[in-house]
Amino acid sequence: MIKLTTPISNDDIKLLKSGEKVLISGIIYTARDQAHLRLIKELTLPFEIDGSTIFYVGPTPKREGFSIGSSGPTSSYRMDKLAVPLMERGLKLMIGKGDRSEEFRLEMIKNNSCYLIATGGIGALLSSKIVSSELILYEDLGAEAVYKLEVKDFPCFVAYDIYGNNIFKDN
Amino acid sequence: MRTIELSNVTNIVKESVIKINYELDNSLVALIQKAKSSESKEISKSILSDILDNQDIAREGNIPLCQDTGIVVVFLEVGTEVKINGDIYEAINKGVRLGYSEGYLRKSVVNHPFIRVNTKDNSPAIIHTKLVSGDKIKLHIAAKGGGSENMSTVVMLTPTEGIDGVKKLVLDTIFNAGGKPCPPIIVGIGIGGNFEKSAVLAKEALLRELDDSSKDKTIKQLEDELYTEINKLGVGPMGVGGDTTCLAVKINYFPMHIASLPVAINIQCHSARHIEVIL
């Protein structure tokens with residue numbers, strides 16, 4: 001098991017091997033389909049994309065006294081093409097669920113980034129690892145807006161690593 | 001004639017959508033526990049263990065099981081001796097609107113295929129209606145997530161492809177879906193009818209009791225064989241491999257045209273959320 005703290009460096013990426021459990025702490029950002037469409041057109045972003053982590057999630061509304069609502073990963077394959085320009089700008093980690101395209105995987109290796117999976121359908125458990133959430137972009141998108149999250153020991157598994165391994169193919 | 005107040009329909013829908021999004025059915029929890037105890041791969045066992053912990057946290061912590069709290073699907077059976085004053089579809093949608101607002105559930109419905117503006121209250125529900133005898137109304141209410149629905153399919157096989165053709169289609173569909181529909185899954189299969197009937201049969205199959213079997217001997221055998229063969233595919237929990245790919249296989253069928261063998265496969269994620277209520 002590896003513990004990582006954001007922002008993520010190239011040396012961090014070298015540590016990650018497919019199948020291994022990773023606990024992430026620090027700041028991560030949420031984005032799904034519609035937010036990606038907009039993010040790739042932005043010339044400047046309100047957060048540092050270099051070394052950043054994006055979590056593919058659209059949480060449920062938060063209750064009074066909670067840091068966030070239920071927050072599990074959505075399927076990553078829908079963001080395959082849209083993730084490439086962000087990786088080219090320094091996006092290091094993507095957290096989602098499920099297998100992705102071969103084109104994405106090769107682009108990911110080329111850009112020295114890494115794809116992690118969190119378990120789908122356990123949004124209640126995962127929300128307990130999120131310390132705080134703050135809306136930073138695209139409020140009109142509702143659950144699909146971009147949130148800045150502070151996480152503590154957020155549990156993931158390495159799905160694709162830079163060495164060419166794939167958790168979905170190697171099992 | 002028995003009059004049923006639409007406010008009761010609204011209330012029961014509201015309470016049901018909240019309840020199913022916070023509490024996993026005990027029979028499903030028992031199946032996941034059983035799968036966990038027989039799972040041989042360590043990472044897969046740990047995922048099943050997290051799924052079990054998650055449903056405890058959701059039940060006790062007042063937080064939905066999954067962030068995708070679904071689009072609402074209702075199978076509505078109306079007795080012919082029931083009198084309804086007003087629009088029952090509107091009453092159901094009102095229940096959805098109230099439940100998704102008061103229950104802190106995600107609004108996951110958009111208005112148009114391309115404009116895609118959120119309706120902001122998770123309405124409208126998808127409602128299938130049947131007239132039956134009697135003086136009651138039965139609602140089978142489900143909250144269906146998008147990830148598993150996206151991996152579902154309808155294929156028009158030719159009659160001579162037969163059981164082997166159906167088996168190959170089911171196994172290929174589930175193998176290719178991999179981790180995307182959040183396995184361990186429940187597989188609903190509709191065979192026969194026509195194009196749209198097969199899809200409705202598949203959805204209805206997903207709402208059956210987890211421990212039942214088809215009353216038809218051939219269909220039951222196919223359910224059993226598919227259950228075993230799907231679990232040999234090695235997809236495993238969330239697609240990471242292992243012995244646990246599906247928790248149950250349910251097949252519903254209907255007579256069909258001599259030229260056709262329609263097959264619909266509707267995939268349900270491990271968070272199977274539905275309830276039956278009678279008014």
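Visitor: Is B:Asn122 buried or exposed?
Guide: This is a predicted model, and B:Asn122 sits in the loop between H4 and E4 of chain B. Its phi is near 65°, a positive value in a residue other than glycine. The count within 10 Å is 24 other C-beta atoms, and the cut-off is 20 or more, so B:Asn122 is buried.

Visitor: Which residue does a cis peptide bond join to B:Ser123?
Guide: Let's stay in that loop between H4 and E4 of chain B, where the residue you want also lies. Omega is about 0° at this bond, and the partner of B:Ser123 is B:Pro124.

Visitor: Where in chain A is the proline that a cis peptide bond joins to A:Thr6?
Guide: The bond joins A:Thr6 and A:Pro7, with omega about 0°. As for its place, A:Pro7 is found in the loop between strand E1 (2-5) and helix H1 (10-15) of chain A.

Visitor: How far apart are the end C-alpha atoms of helix H4 of chain B?
Guide: Helix H4 covers residues 88-102 of chain B, which is 15 residues. At 1.5 Å a residue it should span 21 Å, and the model agrees, because the end C-alpha atoms are apart by 21 Å.

Visitor: Which elements do the buried residues of H4(B) pack against?
Guide: The buried residues of H4(B) include B:Ile88, B:Ala91, B:Ile92 and B:Tyr100. Charged side chains are on that list too, with B:Lys94 and B:Arg97 among them. Their packing partners in chain B are helix H1 (6-22), strand E2 (71-79), strand E3 (82-84) and strand E4 (126-132).

Visitor: At what angle do H1(B) and H4(B) pack?
Guide: H1(B) passes H4(B) in a right-handed crossing. Residues of H1(B) including B:Val9, B:Val13 and B:Val17 meet residues of H4(B) including B:Ala91, B:Gly95 and B:Gly99. That contact divides into twelve nonpolar, four polar and two charged residues. The axes are 7 Å apart, and the angle is about 40°.

Visitor: How many residues in the contact of H6(B) with H8(B) are nonpolar?
Guide: The axes of helix H6 (residues 162-177) and helix H8 (residues 217-231) of chain B come within 11 Å and cross at roughly 35°. The contact is made by B:Ile163, B:Lys167, B:Val170, B:Leu171 and B:Ile174 of H6(B), with B:Leu222, B:Leu226, B:Glu229 and B:Ile230 of H8(B). There are no polar residues and two charged ones, and the nonpolar residues number seven.

Visitor: What is the radius of gyration of chain B?
Guide: Chain B has eight helices and ten strands. The globule rule gives 19 Å for 279 residues, so chain B is as compact as a globular protein of that length, with a radius of gyration of 19 Å.

Visitor: What radius of gyration does chain A have?
Guide: Chain A comes to five helices and seven strands, and its C-alpha trace spans about 45 × 35 × 25 Å along the principal axes. A compact globule of 171 residues would have a radius of gyration near 16 Å, and chain A agrees with this, at 15 Å.

Visitor: Which element gives the most to the side of chain A that touches chain B?
Guide: The contact takes 33 residues from chain A and 35 residues from chain B. On the side of chain A, the residues divide into twelve nonpolar, 18 polar and three charged. The element that gives the most, with four residues, is helix H5 (residues 123-127) of chain A.

Visitor: Which residues of chain B does A:Asp99 touch?
Guide: A:Asp99 is found in the loop between strand E4 (93-96) and helix H4 (102-110) of chain A. It counts as buried because it has 24 C-beta neighbours inside 10 Å. Leaving out residues up to four places away in sequence, A:Asp99 touches A:Tyr77 and A:Phe168 in chain A, and in chain B it touches B:Gly178, B:Gly179, B:Lys180 and B:Gly239.

Visitor: Is A:Tyr138 buried or partly exposed?
Guide: A:Tyr138 has a positive phi of about 60° although it is not a glycine. Its place is in the loop between strand E6 (130-137) and strand E7 (146-160) of chain A. With 16 C-beta neighbours inside 10 Å, A:Tyr138 counts as partly exposed.

Key: Residues are numbered from 1 along each chain as its sequence is written. Chains are lettered from A and ligands numbered from 1 in the order in which they are written. This is a predicted model: local features need pLDDT of at least 70, side-chain atom pairs count only at pLDDT 80 or more; totals for chains, interfaces and linings use all residues. Axes are lines fitted to C-alpha atoms, for helices over the stretch in contact, and angles run from 0 to 180 degrees between N-to-C directions. Helices (H or I, at least four residues) and strands (E, at least two) are DSSP runs, numbered from the N terminus. Two residues are in contact if their C-beta atoms, placed from the backbone, lie within 7 Å. The radius of gyration is taken over C-alpha atoms; the globule rule is 2.2 Å times the number of residues to the power 0.38. The expected span of a helix is 1.5 Å times one less than its number of residues. A residue is buried if 20 or more other C-beta atoms lie within 10 Å of its own, exposed if 12 or fewer, and partly exposed in between; C-beta atoms are placed from the backbone. A crossing is left-handed if the near helix is turned anticlockwise from the far one by less than a right angle, and right-handed if clockwise.
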